[in-house]
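Please examine the sequence and the three-dimensional structure shown below. The paragraphs that follow lead from a single residue to the cores and the ligand.

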Amino acid sequence: MSGGEILRLEGIDKRFPGVHALNQVDLDLVEGEIHMLLGENGAGKSTLLKILSGSILKDSGRILLRGRPVEITDAHHARTLGIGMVYQELSLVPGLTVAENIFLGRWPTRAGGLINWPEMVTQAEAVLGSLGVPVDPRVRVRNLSVAEQQLTEIARVLALDVQILLLDEPTSALSDRDRDRLFGFLRGLRGKGVSVLYTSHRLGEIREIGDRATVLRDGRKVGTVAVADAAEDTVVRMMVGRDIRERFPKTPVPIGAPVLTVRNLRASNLLRDISFTLHSGEILGVFGLRGAGRTTLARSLFGLARLESGEVLVNGGGIEVTSPEEAIRHGIGYTTEDRREGLVPMMGLPPNITLASLDGVTRAGIIDHREEQRIGARLVEDLRIQPPVLSRPVRLLSGGNQQKVVLAKWLASKSRVLIFDEPTRGIDVGAKTEVFQLMGRLCAQGVGLLMLSSEIPEVLAMADRILVMHRGRIAAEYARGEATQEDLLRSAVGLSGSGMEEA
Amino acid sequence: MTQHGYGSWVTRLLLKGGPIIALFLLAGYLSAVSPHFRTTSNFMNVLAQTSVTAILAVGQTLVIISGGIDLSVAAMMALAGSLSAVSLAYWGWSVWLGLPLGLAMGTLLGLLNGLVITKGRIPDFIATLGMMTTARGVSLLLTQGLPVPSHVTAIQLKAYLPPELIWLGSGAVLGVPVPAVVAVATALLGWTVLHYSRLGRSALAVGGNREAARVSGINVDRARIAVYAFSGFTAGIGGLVLTGRLNSANALMGEGMELQSIGAVVLGGTNLFGGEGTVVGTAVGALIMGVLGNGLNLLNVSAFWQRVVMGLVIIIVVIFDQWRRRRFGA
Ligand SMILES: Nc1ncnc2c1ncn2[C@@H]1O[C@H](COP(=O)(O)OP(=O)(O)OP(=O)(O)O)[C@@H](O)[C@H]1O
Ligand SMILES: [Mg+2]
């Protein structure tokens, strides 16, 4: 934190129909600082950032850039002012290559206005290389994992020469290693005087990268603190307005009979020799680095990827799953890694929530709207989805609240086996605790949970057993309490740790 | 994030009631400038003329909601109507067989559309464009390019269409044209399917986000096939009504109605990209087109200009619709 003030916001106000998203928010950003923007789901963080990036317009308030008032009219205008943003929801064009996406709209050209392809690829390689992103710029974005897409998205904005960088939950899909690289890069930018406004629900990052933090609650500013002299608990209290006593509430549940058994599974040219058993009432954590095959495993069990060989048994009976429809019929549920794959954006909450269990609300072929509303209302309350307006299309919910709707859908489905792929991605501290409590409740009802997560503390605290995957195989298995953070990381990179069974 | 309901009634009306407002403004204007517009007989006339478009538009609504488009509705209608007419006038079938035959034909054609699109992995636009030409061709072969029954056959062979079919197209119950009654019944059916059946829900989900529908266990292909079959079915209904109204079927009847049906759906506020829409809106959209055509006639606007105006109105209403969606975040 060296230079003077570069950006000042005064009394920023924004209303959406039925929601006062930002209520008289002030904020100042200093040259060369990383400023954390914190708050619960729906607090208004993304709205504030989007106003600065020109993708939505404020209702009132003043924005001063280097002391001079500006009206940011659109994204292009923001860019000419030196402001760049990485959006919370991925916004790449799936059908184009990584390089084309990075230079979208400003492709390097040759004389005559034709696009200079080799030049573009070289430049893209340079940008990706400086971030340490191992992605081929010639690959289409459609074929990238969520983490790779997120890295591409970041690279795209970093390729612009910006003075103010807005990052909306850039690390929600990143592994620790990618995150470390990103942070290294951000520190470099800070050294060059670039200012960063940064939101995240990963509390550890506040201290790791932040200089100051501003907390929003219900659209209002609660306060700004210097990170160095604010304890994590203080920040959490500012965010949620109360103390959170137990961050990882783990209810002991008796472990029952096997609900899901996988034997010698082989799939998608990646998975090999996968064998494990999931029991009723058990949370089986699956940890691994990017590309280790966790999501592929989930997708093959759910009928979204083809099995080459191997056996899958549910409740002791062998099943063959070639589509999600069949998987659901056998009592398997799956929350996708990318929540946009799980929601119908224009639909309201209840129809989204009952989408995977329409049988439950159909009587003699007729959808029972009253029952559907009842189920929707109950889960909205259980998960504290905000705002609790059932008819609101889910695309108008904040990212974290959308994630809760995805979870609600599978809670409504009465599945016996639930596969959660990064279930807490993008949801706030309070809501994480609620999700963990819910997982406990599900286990008590006899559900078996496969929890895929890159959050080591989460896996260590919640899982009854942990599988670590490495290059498509199960590299290690740990019982609860047996492993440390170190062990998981070592196994995940293929080094043998202690207490491990070689697969 | 203070709660204050979900917008005032004004925003709500602007959000949902766009087409209704347009219809009232239009009707109000025409009532003011043309006394004849206000008469009951003219009103019934508009209803009768709007009916066939409205019937086709019901199936079209479901197709568009599911993320597709059906360019073949008018051609399927012509083939279904022609087949019914041929069976009734020339093959001597009874109405109890001849009318269902038309409906079955329409449904079958729609089913074929759905199968070609899903199993053949062909874009909806192309598949139904192909069906549009093919069905017209088959109708021409079937009728040998003549009306059914043609004047000659009617006189020489005493081949007539049964009175029940004529009634369907030109009769009236309690002063209301039968086609309008059929259109309302079809719209009710469409509304029920959309609102209360798994198929309707699946169509909304598939059109809103195909991937989400799939991972939620919806059989996407089956839903899309069913939606096209439904569109074929309503085209069959339209074929019977139109044949009754014209007193005969012909292979080229209703040309251009596929575009009118799409116009009605879009005017009714259904999202052309799928995922949201209502049958009631479509009915209102069809009425807007009907009232507009009627009004232009009454105002002695030439047929050439009528086309121009129709086209412009569709574009203007849709621009307005997009604007209010953005402005009010519908
Ligand atoms: N386009 C919109 N139309 C209506 N309401 C909206 C719109 N965008 C956001 N909102 C509402 O404004 C509020 C603030 O949303 P915002 O996305 O800024 O939250 P956030 O702090 O980024 O939350 P999260 O941590 O979950 O991403 C929410 O209640 C949200 O539902
Ligand atoms: Mg957000």
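In which loop is the place of A:Glu422? A:Glu422 is found in the loop between strand 19 (417-421) and helix 14 (429-444) of chain A; helices (H or I, at least four residues) and strands (E, at least two) are DSSP runs, numbered from the N terminus. This is a predicted model, in which local features need pLDDT of at least 70 and side-chain atom pairs count only at pLDDT 80 or more, while totals for chains, interfaces and linings use all residues. Residues are numbered from 1 along each chain as its sequence is written, chains are lettered from A and ligands numbered from 1 in the order in which they are written, and side-chain values use heavy atoms, with hydrogens and water left out.

A:Glu422 has a positive phi of about 50° although it is not a glycine. A:Asn269, in the loop between strand 11 (258-267) and strand 12 of chain A, also has a positive phi, of about 60°, and is not a glycine either. Most residues other than glycine have a negative phi, and most peptide bonds are trans. A:Glu422 is buried, with a relative accessible area of 10%, whereas A:Asn269 counts as exposed at 76%. Here buried means under 20% relative accessible area, exposed means over 50%, and partly exposed lies in between (1.4 Å probe, protein chains only).

Cis peptide bonds come next. One joins A:Gln386 and A:Pro387, with omega about -10°, and A:Pro387 belongs to the loop between helix 12 (369-382) and helix 13 of chain A. Another joins B:Val148 and B:Pro149, also with omega about -10°; B:Pro149 sits in the loop between helix 6 (124-143) and helix 7 (151-156) of chain B.

A further loop, between strand 12 (271-279) and strand 13 (283-288) of chain A, holds A:Ser280. A:Ser280 is buried, at 16% relative accessible area. Its side chain reaches the backbone oxygen of A:Gly446 at 3.3 Å.

In soluble globular proteins, nonpolar side chains tend to be buried together. A nonpolar core is a set of buried Ala, Val, Leu, Ile, Met, Phe, Trp, Tyr and Cys residues joined through side-chain atoms within 4.5 Å. The largest such core has 83 residues, and those touching the most other members include A:Leu260, A:Phe276 and A:Leu301. Domain 2 (256-331 + 415-503) and domain 3 (345-413) of chain A both give residues to this core, so it lies between them; the domain bounds come from an automatic or database domain assignment. A second, separate core of 52 residues includes A:Val86 and A:Tyr198.

Where does ligand 1 lie? Ligand 1 lies between chains A and B. It is surrounded by 22 residues, and A:Lys45, A:Ser46 and A:His201 are among the closest; a residue is counted if one of its heavy atoms lies within 4 Å. Helix 1 of chain A gives the most to this shell, with three residues. An oxygen atom of ligand 1 is 2.9 Å from an N or O atom in the side chain of A:Gln88, and a backbone N or O atom of A:Gly400 lies 2.8 Å from an oxygen atom of the ligand. Taken alone, ligand 1 exposes 640 Å², of which the protein buries 91%; accessible areas come from the Shrake-Rupley method with a 1.4 Å probe.

How values were computed: Polar contact = N/O pair within 3.5 Å; in protein donor to acceptor, adjacent residues only side chain to side chain.
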